[in-house]
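Please brief me on this protein model.

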Amino acid sequence: MISIESILEQARTGNPQLDVGLLNRAYQCAVRAHQGEDAPGRDDYLQHALEVASILARLKVDETALVVGLLHDVLQTGKVDREELSSSFGAEVLALLETGQKISSIPYRKSNQQQVESFRKMFVSMARDLRVILVYLADRLSDMRTLGHRPQTEQVDYARETLEIYAPLANRLGISWLKSELEDLSLRFLEPEKYADLASRITAQKEERNKYVDQVAERIRDLLAEGAVKGEVTGRYKHFYSVYKKMERTGVDLDQIYDLTAFRILVNSVRECYEVLGLIHATWKPITGRFKDYIAMPKANMYQSLHTTVIGPFGERMEVQIRTHEMHRIAEEGVAAHWKYKEGGVVSASGRDDQRFGWLRQLLEWQRDVSNAREHSKSSSIDLFPEEVYVFTPNGDVKELPLGSCPIDFAYAVHTDIGSQCVGARINGKLCPLKTKLKNGDIVEVMTAKGHTPSKDWLAFVKTSKARNKIRQWVKAEQREKSIELGRELLEKELRKHQYSLRRALGLDAFALAVSELGYRGTDDLLASVGYGKLSAGQVVAHVLPREDIKTPQPKSGAFGKVLGKFSRKKSTSAIRIDGIDDLMVRFANCCNPLPGEPVTGFITRGRGLTVHAIDCGQVLASDPDRRIDVEWDMQRKTTRPVKIQVVCSDQKGMLVGISGAITNADANIVSANVSSSGDRKGVNLFEVDVRNLEHLNEVIREVKKVKGVKKVERMRS
């Protein structure tokens, strides 16, 4: 039986300033909440709460974590409400209890190694506070100790979850005794026959083996003293699960495992490591092939140590590890990926995850070191995975997504077809908009409709590259289909002018030749180009139809016809040259208003021809690169372009006359002017001026800057 007094006594050793009154109030609250509540394998459920608190006291946690340990299940009883907990123990305790309650409701299902790793990270990410993780490790250990009183099917599932989630977390935090006990208890229920056989064989001579370990450790200390080497010696006997895993991995019997008994020697320098190795080999016979020098050749995870197996006293084989204190710190205190080797996972965590779990372990050590943990409670708050969110499928599979992801990202993560046909989503059973941001632990159910297609609007809020790429691919394919159809209509219309149908033209050998000559791979590519406006229907007709079949359009009669005829004979004044394309409508973008002489690029707008942008225009840089074409200015063609310039000057008489005169002197025409003054005696003037090219604009700006009273002149892009 565990008492609150024993817990308080144990907790005081790590924290002399312990708030005993707070813990007693928490105990009384737990007594009231669990009164009359039965617990399998215990006198009452209160004993479970006390056992959790006792395990936490052994971990030297702060008093807040002890309070949470005592109260970790009171919300489920319905006898204590949130308001009472908040007023009695503070908002922090209530927040930790609610977080724990949410974690305890997470569904877990056996899956592949990647899923298990994602589940572990989700557990840590949802906890956000180191103390929540420690409370639930203690809770899990307490439950595992009485798991034998539960139904067998429940035992297996619970033990598997413990082995795959909780034991590795304890390992990464460096709580080796907790990890070992969780593993041994899990093995007991997952492989009861093998566990019983192993336990009986290992414990048969437990007392004698403990004496053996003590005797050999003392003998090694004597060897170090004889060699004038200062060092620490520890001995251990492997726990059941570790032995079982080695037997499974190597396929050998217990009698053939060499390192059931192991000793670790820590010294101050590398030179002393090799000196101690010489002492060991001079005293006991080494086993051939069992020596490994990880100091000269470290493992990829930075692990360094000397390993040797010798025939020790009484003919027993024993493993000896020799390393410096610093090597031991890297191997044990810094994670150094040692846990990846121990867990034997096929899918290893990333280097970034190594650092995160290493930091979590360091945080635990800091918490153990402080004398008054209350002063440092804020340091327990963590956000190890700020860039990820972990959510569930209805079947219990975990999906790792970027922070800010929505149900569409989730749908594409499950399957491309599910993403494309997504029409709605339920999050934790409630219908939600598709742009809803997912949170850790959400259970997401996607609703689909056969034949439904993605929306271009989804690109505004999806986060994953897979979703974005799949939506873009569909949008591009859809645009291509529409462009092909539009190109077909435009070409059909142009061919009718010459008494041809598109079907008839497609049957001509000249059409296939035209496709090749114009640089396209097939008819659909050519039609799409016509639809986009990259290629005119007239160009295609000129390549396909025999010259004698091409009808020259007759001028239209009447006044209106004369105007149209005059307009059609007028040469283009766009001053833009496009290789291989003559019959294309050209417009200039208002967003950047390019001038002759500036580097430019063309953007094809379906059915609207070519829009010319400055090459560094943000709008065109964000557009589809497949719809851009190279263009250049025809500097031989005389033309003018309107440009806006803003002139900031002193608010005084004669300024407008001076600025207008300067623009005229630069041989530029003022199209419009907007003049205003501000309260700080400044004038702000906006002029629209016709200029020939970029050089001409610069000349205008130089002339205006010469006017006395002008403070700033700049070009306005729109």
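The structure, a predicted model, holds three aromatic pairs. Rings of Phe, Tyr and Trp (its six-membered ring) pair if their centres lie within 6.5 Å; planes under 30 degrees apart count as stacked, over 60 as edge-to-face and the rest as tilted. Local features need pLDDT of at least 70, side-chain atom pairs count only at pLDDT 80 or more, and totals for chains, interfaces and linings use all residues of this predicted model. Residues are numbered from 1 along each chain as its sequence is written, and side-chain values use heavy atoms, with hydrogens and water left out.

**Aromatic pairs**

- Tyrosine 195 and phenylalanine 240 make an edge-to-face pair, because their ring centres are 5.5 Å apart and their planes stand at 75°.
- Tyrosine 195 sits in helix H12 (residues 192-203) and phenylalanine 240 in helix H14 (residues 240-250), so the pair ties together parts that are 45 residues apart in sequence. Helices here are DSSP runs of H or I with at least four residues, strands are runs of E with at least two, and both are numbered from the N terminus.
- Tyrosine 195 and phenylalanine 240 are both buried. Buried means under 20% relative accessible area, exposed means over 50%, and partly exposed lies in between (1.4 Å probe, protein chains only).
- Tyrosine 241 and tyrosine 244 form a tilted pair, with 6.2 Å from centre to centre and 40° between the planes.
- Helix H14 holds both tyrosine 241 and tyrosine 244, three residues apart, about one turn of the helix. Both of these tyrosines are buried.

**Charges over a ring**

- Arginine 140 lies over the face of tyrosine 158, at 3.9 Å from the ring centre.
- Arginine 150 also lies over the face of tyrosine 158, at 4.7 Å from the ring centre.
- A charge sits over a ring if NZ of Lys or CZ of Arg is within 6 Å of the ring centre and within 35 degrees of the ring normal.

**Overall make-up**

- The protein has 29 helices and 21 strands.
- Of its 718 residues, 47% are buried.

**The four-stranded sheet**

- Four strands form an open sheet with antiparallel pairing, in the order S19-S20-S18-S21. Two strands pair if DSSP finds at least two bridges between them.
- Strands S19 (669-677) and S21 (710-716) stand at the edges with a single partner strand each, so one side of each is left without a neighbour in the sheet.
- The twist averages 20° from one strand to the next. Axes are lines fitted to C-alpha atoms, for helices over the stretch in contact, and angles run from 0 to 180 degrees between N-to-C directions.
- Ten bridges join the antiparallel strands S18 (residues 641-650) and S20 (residues 682-691).
- Lysine 682 in S20 is the bridge partner of serine 650, and leucine 686 in S20 is that of glutamine 646.
- Helix H29 (residues 694-705) packs on the sheet and touches S18, S20 and S21. The direction of H29 makes about 160° with that of S21.
- S18 is mostly covered, with eight of its ten residues buried.
- Six bridges join S18 to S21, and these strands run antiparallel. Lysine 644 stands opposite methionine 716 in S21.

**The three-stranded sheet**

- Another open sheet has three strands in the order S10-S9-S11, again with antiparallel pairing.
- Strand S10 (430-432) and S11 are the edge strands, each pairing on one side only.
- Here the twist averages 35° from one strand to the next.
- Five bridges join strand S9 (residues 422-427) to S11, and the two run antiparallel. Glycine 424 has methionine 447 in S11 as its bridge partner.
- Helix H19 (residues 407-414) packs on this sheet and touches S9 and S11. The direction of H19 makes about 80° with that of S11.

**Aspartate 457**

- Aspartate 457 is placed in the loop between strand S11 (444-448) and helix H21 (465-496).
- Aspartate 457 counts as exposed because its relative accessibility is 58%.
- Aspartate 457 and isoleucine 471 are 14 residues apart in sequence and 9.5 Å apart in space, C-alpha to C-alpha.

Terms used
Contact means heavy atoms within 4.5 Å.
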